[in-house]
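Let's take a walk through this fold, starting with one of its pockets and ending with a pair of rings. Keep the 3D view open as you read.

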Amino acid sequence: MTKKVEFKAGDFVVYPTHGVGKIIGTETQQIAGTELDLLVITFEQDRMTLRIPVGKANDSGLRRLSTRKQMDVALTKLKGRARVRRTMWSRRAQEYEAKINSGDPVSIAEVIRDLRRNTGQADQSYSERQMYQAALDRLAREFAAIEKIDEDAATDRLEKIMAAA
């Protein structure tokens, strides 16, 4: 089961359910009597280390950072008009959670756009604010890695883009 490693140490990658991480290398471990080559990925924001079998990296949804062109599409979504749907919050929350965990920047931008509140609108519930912040953090981390800026600067730029729309 030798497969060419597409990722190398130092690469920034996106794991769908955890966001942006950095590959620190590969290691071989003996698991259930079988030797497995594992990618070792750290997620600074969660203080977490993830190990994925090299052969399962693509199946798990692990991917490289988005291109600038893909990120521009996501930023365009942020500027769009929010789609307000009148379904129950629990159903919308499930859909938003699925979009956030997909790891797709365009889907995450849609969640941010739909949950963003302008001044003069009704206040958000606690769970809406939590989901909005989770989506914003996830998109800001990838934006920061692409633009090579820190996460706070990325968040500020995203908020300015939304305010200008």
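Start with the second largest pocket, whose lining has six nonpolar, three polar and five charged residues. Here Ala, Val, Leu, Ile, Met, Phe, Trp, Tyr, Cys and Pro count as nonpolar, Asp, Glu, Lys and Arg as charged, and the others, Gly among them, as polar. The volume of this pocket is about 220 Å³, taken as the space filled by probe spheres set on grid points that are joined across faces, edges and corners. Of its 14 lining residues, Phe12, Val20, Glu44, Gln45 and Glu151 are the closest to the centre. A pocket, on a 1 Å grid over the protein atoms alone, is an open set of points where a 1.4 Å probe fits, with protein on both sides within 12 Å along at least five of seven lines, and lining residues have an atom within 4 Å of a point. At least two lining residues come from each of β2, β3 and α4 (126-147).

A word on the model: it is predicted, so local features need pLDDT of at least 70 and side-chain atom pairs count only at pLDDT 80 or more, while totals for chains, interfaces and linings use all residues. Residues are numbered from 1 along each chain as its sequence is written, and side-chain values use heavy atoms, leaving out hydrogens and water.

Now step back to the whole chain. It has five helices and five strands, in the order β-β-β-β-β-α-α-α-α-α from the N terminus. These are DSSP runs numbered from the N terminus: helices are H or I with at least four residues, strands E with at least two. Of the 165 residues, 39% count as buried, meaning under 20% relative accessible area, with exposed over 50% and partly exposed in between (1.4 Å probe, protein chains only).

Next, look at helix α2 (residues 89-102). Arg92, Ala93, Tyr96 and Ile100 are buried there. Seen down the helix axis, the buried residues of α2 fall within an arc of 100 degrees, so they line one face; the arc is that of the directions from the axis to the C-beta atoms. Turned away from that buried side are the exposed Arg91 and Gln94.

Finally, the rings. The structure holds one aromatic pair: Trp89 and Tyr96 have ring centres 6.2 Å apart and planes at 55 degrees, so the pair is tilted. Rings of Phe, Tyr and Trp (its six-membered ring) pair if their centres lie within 6.5 Å; planes under 30 degrees apart are stacked, over 60 edge-to-face and the rest tilted. Tyr96 is buried at 2% relative accessible area, whereas Trp89 is partly exposed at 23%.
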